[in-house]
Amino acid sequence: MYKHVIFDLDGTLLNTLEDLAGAANWVCAQHGWPAHGVEEYKYFVGNGAAKLLERVVPEGVPVTDGLRQVLLEEFGRRYGAHKSDKTTPYPGMPEAVRRLREAGLTLAVLSNKPDEAARPVVERYYPGLFHQVQGALSGVPVKPDPTLLRRLMAEMGASQRDTLFVGDSNVDIRTAKNGGLTSCGVLWGFRTRRELEEEGADYIVDTAQALVELILS
């Protein structure tokens with residue numbers, strides 16, 4: 001049985017896709033750019049806000065440092081005001097996390113969402129259930145770079161041997177590999193079984209109950 005579990009946030013614990021898409025499409029509208037379908041955002045998200053916004057910029061528009069900063073500020077304001085309009089936990093996940101906590105595991109979240117946004121949103125939907133939450137920090141590389149993962153594991157007192165990383169995308173599986181961790185892909189998020197298999201996920205589950213059984217077995 002694992003002693004520590006680190007979860008991705010968007011696409012794993014919370015379905016944030018419509019609110020992320022809504023905020024990004026609002027930014028597009030401010031610049032006269034076409035909007036993107038919600039399904040497209042499944043492949044735009046996952047690498048942090050800066051990369052998300054680069055992906056919505058129309059081809060041929062140069063993404064300068066100045067434009068990038070403007071987009072990040074616009075997106076931050078809009079998403080901050082509407083981040084809970086349609087966001088919900090995935091079915092069974094609050095109960096699953098609670099069971100793991102009650103079983104004595106140390107639980108954490110590692111997200112590419114900015115740290116100042118990740119912490120309150122986790123507490124809103126999973127109050128008191130996670131021991132630690134780590135979001136993206138300015139000047140520190142985001143997942144799949146293992147820098148923040150290693151820092152988080154040190155704070156948790158976790159080792160590679162007794163820690164499982166849970167996520168829904170190739171970014172998460174690569175993060176686990178880069179940190180020397182066992183990985184579990186979930187199928188209720190933004191990406192596909194094929195992507196998780198091709199990335200080399202050690203386990204893949206399709207329900208919250210299956211995840212609990214895997215961790216506690």
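How are α5 and α10 oriented to each other, roughly parallel or roughly perpendicular? In this predicted model, in which residues are numbered from 1 along each chain as its sequence is written, local features need pLDDT of at least 70, side-chain atom pairs count only at pLDDT 80 or more, and totals for chains, interfaces and linings use all residues. Side-chain values use heavy atoms, with hydrogens and water left out.

The axes of helix α5 (residues 93-102) and helix α10 (residues 208-216) come within 9 Å and cross at roughly 15°, and α5 and α10 are therefore roughly parallel to each other. Axes here are lines fitted to C-alpha atoms, for helices over the stretch in contact, and angles run from 0 to 180 degrees between N-to-C directions; angles under 35 degrees count as roughly parallel, over 145 as roughly antiparallel, 65 to 115 as roughly perpendicular and the rest as oblique. Helices (H or I, at least four residues) and strands (E, at least two) are DSSP runs numbered from the N terminus. The crossing of α5 past α10 is right-handed, the near helix being turned clockwise from the far one by less than a right angle. Contact (heavy atoms within 4.5 Å) is made by Met 93, Ala 96, Arg 99 and Leu 100 of α5 with Ala 208, Gln 209, Leu 211, Val 212, Ile 215 and Leu 216 of α10. These residues divide into eight nonpolar, one polar and one charged, where Ala, Val, Leu, Ile, Met, Phe, Trp, Tyr, Cys and Pro count as nonpolar, Asp, Glu, Lys and Arg as charged, and the others, Gly among them, as polar.

Six strands form an open sheet with parallel pairing, in the order β5-β4-β1-β6-β7-β8, two strands being paired if DSSP finds at least two bridges between them. The edge strands, each pairing on one side only, are β5 (132-136) and β8 (203-205), and neighbouring strands are turned by 20° against each other on average, direction ignored. Within this sheet, strand β6 (residues 163-167) runs parallel to strand β7 (residues 182-186) and is joined to β7 by four bridges, with Val 166 standing opposite Cys 184 in β7. Helix α10 packs on the sheet, where α10 touches β1 (4-7), β6, β7 and β8, and the direction of α10 makes about 145° with that of β8.

Helix α4 (residues 65-82) takes part in two further helix contacts, with α1 and with α3. The axes of helix α1 (residues 17-30) and α4 come within 9 Å and cross at roughly 135°, so that α1 and α4 are oblique to each other, and their crossing is right-handed. In this contact Asp 19, Leu 20, Ala 23, Ala 24, Trp 26, Val 27 and Gln 30 of α1 meet Leu 71, Glu 74, Phe 75, Arg 78, Tyr 79 and His 82 of α4, a set of eight nonpolar, two polar and three charged residues. Helix α3 (residues 49-56) packs against α4 at an angle of about 105°, with the axes 10 Å apart, which makes α3 roughly perpendicular to α4.

The whole structure contains 13 salt bridges, each defined as a side-chain nitrogen of Lys or Arg within 4 Å of a carboxyl oxygen of Asp or Glu. One of them joins the side chains of Asp 8 and Lys 143 (2.9 Å, N to O); because Asp 8 lies in the loop between β1 and β2 (14-15) and Lys 143 in the loop between β5 and α7 (147-156), the pair ties together parts that are 135 residues apart in sequence. Lys 143 is also joined to Pro 144 by a cis peptide bond, with omega about 15°, and Pro 144 lies in the loop between β5 and α7.
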